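This briefing goes through a few local features of one protein model. Read each point with the structure open beside the text.

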Amino acid sequence: MGYFPILRPRRLRLTKNIRDIVAETKLSVDDFILPLFVREGISEPEPIPSMPGQHRYPVDKIVNAVQEALELGVKAFILFGVVPEVHKDHSGKYAYDPKGPVPKAVKLIRKELGWEPIIFTDVCICGYTSHGHCGIPIEKRGRKLIDNDSTLKVIAKMAVTHAEAGADFVAPSGMMDGMVKAIREALDDEGYTEVGIMSYAVKYASGFYGPFREAASSAPRFGDRRSYQMDPRNALEALKEAGLDVEEGADILMVKPALAYLDVIRLVKEAFPQYPLAAYNVSGEYSMVKAAAEKGWIDEKLVVFEILTAIKRAGADLILSYHALDVAKWLKEGYNPF
Ligand code: PBG
């Protein structure tokens, strides 16, 4: 008797313009934080072989890199220091030396470009320790452990050094317990109450960090990071880690890596909707796309847009990505593959 028409979702997909006005998720240049490597002891930008299109910058060339990105609309940057072996030791003391590459680079950026660029600094000692771990190894009851609490003292000093240099946000990535609390207290004690913390709250022990460790010469020289970074088999544990960092005073939370952890991004966003959530589209995710594109197996632009849109759709408000500059260019050109 009644009239039962076929229900037609396809109406909303008929033309590109219709798809555009009903799209739930749209990438914007405001979504991105561009990672930059600053290396001591080089005079020209140095290509990173495992990350095509990425470079390590000498301290005095970082301003150019930031300036170019600003012109394309990229506003936020995260700096990683790369130092020669002579500056590495057991406890990573050079990490809090104001003469290190990151503090120097931040000071130069502030001097030349003021406070327009938003500067995040990675706070972890793995690039500054002779053993490559994110914490200080000790012998305890006949075995080697990564000591949590002595490491907190070093990263708290590192955060203060970065704040003094002019960082907007420090970003602890070492997965030590209590790192956000230790850093918040140290920053406040020194009067840097306006400096924020973006915590790598949910960071997995991942195979996708390979190219980064080559870029930053920060691979562990013995063992692995599984006693501090999270087990990829766990999702609910992300709620514990994120919850602790919220209690300790994190301003922005992060899930890392992104692509194999979209479920975790969604889970954390739903549990803490009032906190900006960042996702780190890490080096291995970038390099896989680059490698397949070089072989002509995928359409790079299309795949990059699909991946980054998916990370945002999952719940990320911010995306740390090596693709950020390319995407900024493509967006400016009006590229939209959907
Ligand atoms: C340092 C750190 C790492 C990354 C960011 N900060 C490496 C690691 O934990 O081994 C990885 C970033 C990437 O792969 O792009 N703790």
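Leaving out residues up to four places away in sequence, His 323 touches Asn 281, Tyr 286, Val 289, Val 304 and Leu 308. The model is a predicted one.

**His 323 and its place in the chain**

- His 323 sits in the loop that runs between β12 (318-321) and α11.
- The relative accessibility of His 323 is 2%, so this residue counts as buried, the cut-off being under 20%.
- Two of the residues that His 323 touches, Val 304 and Leu 308, also belong to the part of α10 that meets α11.

**Aromatic pairs**

- A pair of aromatic rings is described by two values, the distance of the centres and the angle of the planes.
- There are twelve aromatic pairs in the structure.
- In the pair of Phe 37 and Phe 212, the ring centres are 5.4 Å apart and the planes stand at 50°, so the pair is tilted.
- Phe 37 is in strand β1 (residues 32-39) and Phe 212 is in helix α6 (residues 210-215), so this pair links distant parts of the chain, 175 residues apart.
- Both Phe 37 and Phe 212 are buried.
- In the pair of Tyr 280 and Tyr 322, the ring centres are 6.1 Å apart and the planes stand at 45°, so this pair is tilted as well.
- Tyr 280 belongs to strand β11 (residues 277-281), while Tyr 322 lies in the loop between β12 and α11; the pair links distant parts of the chain, 42 residues apart.
- Tyr 280 is buried, with a relative accessible area of 1%, and Tyr 322 is buried, with a relative accessible area of 2%.
- A cluster linked by ring pairs includes Phe 37, Phe 212, Tyr 280 and Tyr 322, together with Phe 80, Tyr 200 and Tyr 286.

**Helices α10 and α11**

- Two packed helices are described by the angle between their axes and the distance between the axes.
- Helix α10 (residues 300-314) packs with helix α11 (residues 324-332) at an angle of about 105°, and their axes are 11 Å apart.
- An angle of 65 to 115 degrees counts as roughly perpendicular, so α10 is roughly perpendicular to α11.
- From α10, the contact uses Glu 300, Lys 301, Val 304, Phe 305 and Leu 308; from α11, it uses Asp 326, Val 327, Trp 330 and Leu 331.
- Six residues of this contact of α10 with α11 are nonpolar, three are charged and none is polar.

**Helices α2 and α3**

- Helix α2 (residues 62-71) packs with helix α3 (residues 101-113) at an angle of about 55°, with the axes 9 Å apart.
- The two helices α2 and α3 are therefore oblique to each other.
- The crossing of α2 past α3 is right-handed.
- Ile 62, Val 63, Val 66, Gln 67 and Leu 70 of α2 meet Ala 105, Leu 108, Ile 109, Glu 112 and Leu 113 of α3.
- Sorted by class, the contact of α2 with α3 has eight nonpolar residues, one polar and one charged.

**Helix α5**

- In helix α5 (residues 179-189), the buried residues are Met 179, Val 180, Ala 182, Ile 183, Arg 184, Ala 186 and Leu 187.

Key: Residues numbered from 1 in each chain as written. Predicted model: local features only at pLDDT ≥ 70, side-chain atom pairs only at ≥ 80, totals over all residues. Heavy atoms only, no water. Axes fitted to C-alpha atoms, helices over the stretch in contact; angles between N-to-C directions. Helix = DSSP H or I, 4+ residues; strand = E, 2+ residues; numbered from the N terminus. Parallel < 35°, antiparallel > 145°, perpendicular 65-115°, else oblique. Contact = heavy atoms within 4.5 Å. Nonpolar A, V, L, I, M, F, W, Y, C, P; charged D, E, K, R; others polar. Buried < 20%, exposed > 50% of the residue type's maximum accessible area, 1.4 Å probe, protein only. Left-handed = near helix turned anticlockwise from the far one by under 90°. Phe/Tyr/Trp six-rings, centres within 6.5 Å; stacked < 30°, edge-to-face > 60°.
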